[in-house]
Amino acid sequence: MNFGAGFGDPDQLAAEVSVGIISLACQDGESCWGTDGTVGLKIHKKVDSPLITGWGLGYSDLIRWGEASDFATIYGVVSRDFTINNQDALVSLGIGSGGFRTKADIDSDENNPNLFGGIGVKLAPRLSLSSSWNGSTLNSGFGISPFNFPLSVSAGVTDITDVNGEGMQYYINLGYSFSF
C-alpha cells in the first residue's frame, strides 16, 4: 500500500513524497499491518529538449523500518514522450540500485547500479498498455480509468520470464488521486 503527495510545478521543479506500507497482514503472528515500510522522495522536472521530455532523481527508501530491505534504492531516470500509430506513448530509461539490482546482485547481496526502463502506450482515451524491466524482471499490464474522475485500475503480470523461479506473479492496483 502506498500513499504519496506531490508538490511544486513540474515545469519548474517538483517533488513527491511517498510512504509505502509493506506489511498488510500478519504472517505467523509477526509483521502485522504497518510494521514494515519505507518513506521515499523524488524530484523531477519537465524539459523542452529534442532528446528527453523529463527527468527524475529519487531515493525510494530514504527511511526504512521493520523488515524493509537494507539495500538503498537510489535512481535517476529520463523520459521521452512520443507518438506511435497516432497514439500517445512514453519511454523511460534509468539507472538505479536496490530494487533495480540484477538477479545475480540480489543473490550475492550486492547493491550495484543497474539499468531499468519501461514503455507505455495509450490505446484509447481511458485505456493504456505498459511494459517494464526493473533490472531483473520483465513486467507488463493494462491501465484503465473507467470513470470521469481520477480513479484508475491497473492489472498485469510480473516476472514474465520467471527469473526468480517462482513463476509469473499477477497484480491488480487501485489508485485514486485528488488535488488540494
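This is a predicted model: local features need pLDDT of at least 70, side-chain atom pairs count only at pLDDT 80 or more; totals for chains, interfaces and linings use all residues.

Residues are numbered from 1 along each chain as its sequence is written, and side-chain values use heavy atoms, with hydrogens and water left out.

Stop 1: Select residues 151-158 and 169-176. These are strand 10 and strand 11, antiparallel and joined by eight bridges. Pick out Gly 156 and you'll find Tyr 171 of strand 11 opposite. How many of the eight residues in strand 11 are buried? The count is zero, so to speak a strand that is hardly covered. (Buried means under 20% relative accessible area, exposed over 50%, and partly exposed in between, using a 1.4 Å probe and protein chains only.)

Stop 2: Eleven of them make an open sheet in the order 1-2-3-4-5-6-7-8-9-10-11, with antiparallel pairing. Which strands stand at the edges? Strand 1 (2-9) and strand 11 do; each has a single partner strand, so one side of each lacks a neighbour in the sheet. On average, neighbouring strands are turned by 20° against each other, direction ignored; the axes behind that angle are lines fitted to C-alpha atoms, for helices over the stretch in contact, and angles run from 0 to 180 degrees between N-to-C directions.

For another pairing, select 114-124 and 127-133: strand 7 and strand 8 run antiparallel with seven bridges. Ala 124 stands opposite Leu 127 of strand 8.

**Stop 3: the rings.** Colour the aromatics. The structure holds five aromatic pairs. (Rings of Phe, Tyr and Trp, the last by its six-membered ring, pair if their centres lie within 6.5 Å; planes under 30 degrees apart are stacked, over 60 edge-to-face, the rest tilted.) Zoom in on Tyr 75 and Phe 100: the ring centres are 5.8 Å apart and the planes at 75°, so this pair is edge-to-face. Tyr 75 belongs to strand 5 (residues 74-84), while Phe 100 sits 25 residues away in the loop between strand 6 (87-96) and helix 1 (103-107). Tyr 75 is buried at 16% relative accessibility, and Phe 100 is buried with 16% as well.

Phe 147 is partly exposed at 43%, and Phe 149 is partly exposed at 41%.

**Stop 4: two single residues.** Select Thr 38 in strand 3 (residues 37-46). Is Thr 38 buried or exposed? Buried, at 16% relative accessibility. Beyond its neighbours within four places in sequence, Thr 38 has contacts (heavy atoms within 4.5 Å) that include Ser 18, Ile 22, Asp 61 and Trp 65.

Finish on Asp 81 in strand 5, partly exposed at 43%. Leaving out residues up to four places away, Asp 81 touches Thr 53, Ala 89 and Leu 90. Asp 81 and Thr 53 are 28 residues apart in sequence, yet 6.3 Å apart in space, C-alpha to C-alpha.

Note on methods. Helices (H or I, at least four residues) and strands (E, at least two) are DSSP runs, numbered from the N terminus. Two strands pair if DSSP finds at least two bridges between them.
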